[in-house]
Protein chains: 4
Amino acid sequence: MHIGMIGLGKMGGNMRERLRRGGVEVTGYDSNPEVTDVATVKELVAALPTPRTVWVMVPAGQITDSVIASLSDELSEGDLIIDGGNSRFTDDERHAQELTAKGLRFLDCGVSGGVWGLENGYGLMVGGSDKDVAELMPVFDALRPEGEREDSFVHVGAVGAGHYAKMVHNGIEYGLMQAYAEGYELLERKDIIKDVPGTFKAWQKGTVVRSWLLDLLVNALEENPDLAGVAPWVEDSGEGRWTVEEAIAEAVPMPAITASLFARFASRDTDSPQLKMVSALRHQFGGHAVKKA
Amino acid sequence: MHIGMIGLGKMGGNMRERLRRGGVEVTGYDSNPEVTDVATVKELVAALPTPRTVWVMVPAGQITDSVIASLSDELSEGDLIIDGGNSRFTDDERHAQELTAKGLRFLDCGVSGGVWGLENGYGLMVGGSDKDVAELMPVFDALRPEGEREDSFVHVGAVGAGHYAKMVHNGIEYGLMQAYAEGYELLERKDIIKDVPGTFKAWQKGTVVRSWLLDLLVNALEENPDLAGVAPWVEDSGEGRWTVEEAIAEAVPMPAITASLFARFASRDTDSPQLKMVSALRHQFGGHAVKKA
Amino acid sequence: MHIGMIGLGKMGGNMRERLRRGGVEVTGYDSNPEVTDVATVKELVAALPTPRTVWVMVPAGQITDSVIASLSDELSEGDLIIDGGNSRFTDDERHAQELTAKGLRFLDCGVSGGVWGLENGYGLMVGGSDKDVAELMPVFDALRPEGEREDSFVHVGAVGAGHYAKMVHNGIEYGLMQAYAEGYELLERKDIIKDVPGTFKAWQKGTVVRSWLLDLLVNALEENPDLAGVAPWVEDSGEGRWTVEEAIAEAVPMPAITASLFARFASRDTDSPQLKMVSALRHQFGGHAVKKA
Amino acid sequence: MHIGMIGLGKMGGNMRERLRRGGVEVTGYDSNPEVTDVATVKELVAALPTPRTVWVMVPAGQITDSVIASLSDELSEGDLIIDGGNSRFTDDERHAQELTAKGLRFLDCGVSGGVWGLENGYGLMVGGSDKDVAELMPVFDALRPEGEREDSFVHVGAVGAGHYAKMVHNGIEYGLMQAYAEGYELLERKDIIKDVPGTFKAWQKGTVVRSWLLDLLVNALEENPDLAGVAPWVEDSGEGRWTVEEAIAEAVPMPAITASLFARFASRDTDSPQLKMVSALRHQFGGHAVKKA
């Protein structure tokens with residue numbers, strides 16, 4: 001098996017390495033000359049056996065759109081593109097339509113595992129046709145952890161379903177992180193708790209809340225017991241927002257995951273109009289003093 | 001009718017004035033010599049006809065406890081204390097028990113209206129016996145707005161019920177303020193909205209969301225269209241917390257009011273451990289950069 | 001002034017009547033022969049002086065799309081369509097583009113006031129050009145309550161801004177209703193509260209939470225003190241959802257309004273997969289009995 | 001080491017067994033004659049070497065109170081009671097005071113692991129004095145999983161701190177379960193997702209959201225892929241409520257965990273006054289039809 005990979009950043013670079021270790025030949029392209037295997041996408045395409053498979057692993061949205069568009073110009077009928085980035089599932093449906101019109105095939109694959117995936121393997125959620133998925137199984141098997149395939153790989157449905165599952169996975173991830181973090185703050189605030197890092201550490205084996213995220217939380221506190229120097233400022237990426245958008249579209253109540261997203265928004269809303277307004281209203285009716293900015 | 005009033009701050013002072021305008025004689029005591037009518041509580045008690053009525057209008061908690069305790073030492077069997085502050089309903093039950101043991105009577109009264117009450121009249125929610133409430137009706141009638149009594153006065157139940165209703169009133173108030181404030185922020189953020197103060201102003205007549213709080217919001221924006229100099233920092237008082245505590249005790253889902261309380265907590269949680277933890281976790285699994293404090 | 005109106009349901013029918021009372025001549029069209037003034041849209045158009053103005057007051061989405069499309073085929077250059085329904089602001093931008101291409105003009109107007117608008121007048125939020133808005137002022141003035149124009153009318157910005165403001169208005173409305181309803185449930189549940197309808201009634205004058213929605217709540221309890229026969233099932237319309245979608249798009253935390261939307265979703269989620277899953281999980285780890293469906 | 005254990009239900013019975021397997025001699029008492037080792041608490045006390053240690057493992061609240069009270073009457077100065085149930089931390093402080101007055105010693109221990117603890121070992125969070133904790137280490141070591149002690153055992157602080165940590169653990173557990181469950185519902189609702197159980201299964205290795213609760217969720221769906229027959233009805237126990245009460249007391253925003261608690265309340269609020277009120281209000285202002293109960 002020999003595939004191309006476009007995008008060799010934190011995720012793509014590690015995945016190339018894991019694929020190679022697993023016996024899959026990979027020709028990688030990245031605009032960064034220090035990591036790329038070839039100088040151009042044209043060269044990448046020329047290096048691959050036909051029908052070609054190219055894994056696209058670049059930021060979702062316009063960059064993925066433009067990479068898929070220009071890549072598809074270089075490919076030939078029957079070639080296959082797989083988008084392993086964090087695209088919105090609606091983008092997949094659009095990409096599939098465009099590529100089908102050109103005689104190309106398309107798969108979408110949600111990839112979870114972060115920077116630990118090189119070592120541990122990645123969890124994979126794939127959308128596309130049975131035939132295309134079957135063809136790519138050696139690639140998926142090399143990327144995922146060893147052990148039973150169904151513990152780390154799923155063919156979720158047609159094109160778009162893989163990224164949909166990954167989107168929900170990330171929505172859940174938001175909720176899990178927020179739950180641990182809320183508990184962390186309460187333990188931090190309570191005077192009778194004398195060993196917060198030790199408490200989380202002691203939850204790693206035996207308790208109901210043990211998880212990989214808990215292990216990472218323990219790591220974080222071992223490296224930095226007070227999280228000194230870390231700003232209370234949290235970014236969010238598309239998946240959290242899309243998960244809530246889909247909750248709205250499907251009329252699914254999703255209070256915990258949405259709360260997690262809003263906590264991130266609020267973290268960056270440092271001159272919050274809504275809080276200023278509540279303060280101003282309290283002053284209006286009750287004469288309560290407003291804190292000055 | 002001639003009553004005593006202890007506590008002549010923003011609320012008590014205005015209430016003394018409104019009572020006098022309404023034909024109720026009031027002897028007021030406050031530790032602030034500039035506003036008090038008498039030098040001591042003993043003098044206050046001496047000035048009142050028997051059976052005496054004393055309205056206590058001081059901050060909830062220890063101050064109300066100590067004022068009621070020392071006042072009760074000066075009063076005689078059959079006298080009546082009414083707590084018009086923002087006491088927790090459970091304090092009322094305790095106060096009633098203590099006073100009954102001394103042969104004194106007790107009413108609790110939730111008072112709403114803020115600094116506008118002098119002019120507009122106050123909304124009143126009373127807990128206690130029918131007989132005691134009936135005896136105090138001239139006082140309540142003077143405090144409340146003109147018009148139908150049942151539009152601004154209610155005898156909610158036995159002792160404690162008045163403050164319970166006021167507690168819920170304040171919980172609702174939290175939710176109303178938060179709802180307007182969230183909408184305000186969205187309008188502020190949206191580029192196509194060219195007149196935020198004008199939009200709120202235009203909601204004052206005719207719309208479904210018209211209210212007195214909306215009128216105050218319009219006032220606030222007229223005085224300060226950008227809320228310049230107002231910090232995004234909001235205090236909370238006991239009632240909001242007690243409302244959520246009661247929701248928990250009664251197993252009532254209360255997501256909007258609780259969200260309003262938590263938004264205030266978060267406004268003051270400026271070095272939030274939970275947000276730092278979520279940021280640290282994102283770094284742990286994804287290698288995402290942490291913003292430095 | 002003589003305008004056309006398409007859609008004579010609960011809102012449009014009342015608006016035709018209020019406009020006529022206010023001296024605006026209205027020719028109305030509805031597919032319901034009992035309320036329509038003319039048999040066809042063509043007749044409606046023929047009846048109007050040029051440049052014509054037609055107010056469209058039909059359900060948002062496909063119906064509004066198709067009414068605007070077919071109406072625009074009948075109109076002539078310089079004619080003006082105003083969409084007074086609850087369209088999404090993004091639909092306005094599309095409609096304006098389509099109509100401009102045909103030489104037609106377009107305004108969007110958010111209308112609040114419900115079934116009470118005929119009597120009380122409507123709150124109006126308009127998006128469009130200064131010139132078009134100025135031309136329609138006699139119509140707006142007839143629809144809105146008497147008194148100062150800026151208390152019930154606002155020109156919010158260009159096309160789309162009117163419906164955006166109405167969308168936020170409705171989002172706030174969700175939050176206000178939820179806040180009152182949560183408080184109502186707590187009062188209902190608490191044994192010491194002996195007069196729930198009376199408590200709300202007593203909040204109508206003097207309190208901080210007085211509002212038109214509170215007056216309606218009092219009406220509702222006067223008509224049906226226990227809300228007997230009312231199912232705990234609440235519909236939602238587009239604006240609540242769009243408000244949260246916009247909160248996400250603009251990264252505005254909106255916990256109270258979103259909680260209100262989710263409460264409605266949950267009310268109709270009567271065989272909720274998420275609750276079943278939490279119950280199943282409790283059984284898995286703790287052996288807790290699952291309630292049988 | 002030889003200790004007594006009172007309460008041999010799902011938790012206590014398994015713990016007795018695990019202790020015995022670990023070389024700790026246990027005399028157990030339960031009111032159920034089928035599981036008890038002795039006929040009375042007096043017999044239990046008589047069977048133990050001095051200074052005696054008795055582990056109490058009964059439901060929190062009045063039962064724990066009465067068991068500790070009657071047990072303490074049988075014990076002698078220097079004996080030690082350890083409460084391993086799910087008591088509120090404030091109960092611990094009270095129990096410690098009462099027992100100290102009698103010359104007895106007290107430890108509190110939060111125990112996590114559910115019905116799987118017999119096989120996997122339990123996570124333990126202990127509050128009390130260094131000396132007492134050290135004395136009980138053989139017991140703790142037998143109960144916890146094999147491996148590093150600090151991965152499953154923590155001495156959190158003085159009396160009460162163990163149960164406080166367990167309370168927070170359970171609050172987090174509520175949040176984790178809710179996050180998974182919300183994601184589950186969205187996947188269930190979405191037509192393009194063709195294999196919901198398979199998706200969760202594939203998250204078990206490699207993904208960021210892998211956890212023990214996820215493994216249990218996979219078990220649940222393997223046993224019952226549609227959760228057929230499971231009612232959407234979820235109980236809550238004290239810890240979730242106390243966690244939110246503590247969040248309020250410490251002014252910690254806790255939106256995700258609180259949302260999880262409220263989702264459970266709402267699941268049992270099947271004739272919800274708040275939803276009926278929102279429906280009634282929509283009818284009042286908009287004439288929207290109310291669904292009949």
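The stops below follow the interface between two chains and then the relation between two copies.

This is a predicted model, in which local features need pLDDT of at least 70 and side-chain atom pairs count only at pLDDT 80 or more, while totals for chains, interfaces and linings use all residues. Residues are numbered from 1 along each chain as its sequence is written, chains are lettered from A in the order in which they are written, and side-chain values use heavy atoms, with hydrogens and water left out.

Select chains A and B to begin: 57 residues of chain B are in contact with 57 residues of chain A (heavy atoms within 4.5 Å). The area buried between them is about 5,200 Å², with carbon and sulfur atoms giving 66% (accessible area, 1.4 Å probe, lost on putting the two parts together, summed over both). Next pick B:Met277, B:Gln284 and B:Phe285, which supply 14% of the area that chain B buries against chain A, more than any other three residues.

Now show A:Arg189 and B:Asp269, which form a salt bridge with the closest N and O atoms 2.5 Å apart (a side-chain nitrogen of Lys or Arg within 4 Å of a carboxyl oxygen of Asp or Glu). The count between chain B and chain A is two salt bridges.

Finally, select chains A and D: chain A can be laid on chain D with an RMSD of 0.0 Å by a turn of 180° and a shift of 0.0 Å along the axis (least squares on the C-alpha atoms of residues with pLDDT of at least 70 in both). That is the relation of a two-fold axis.
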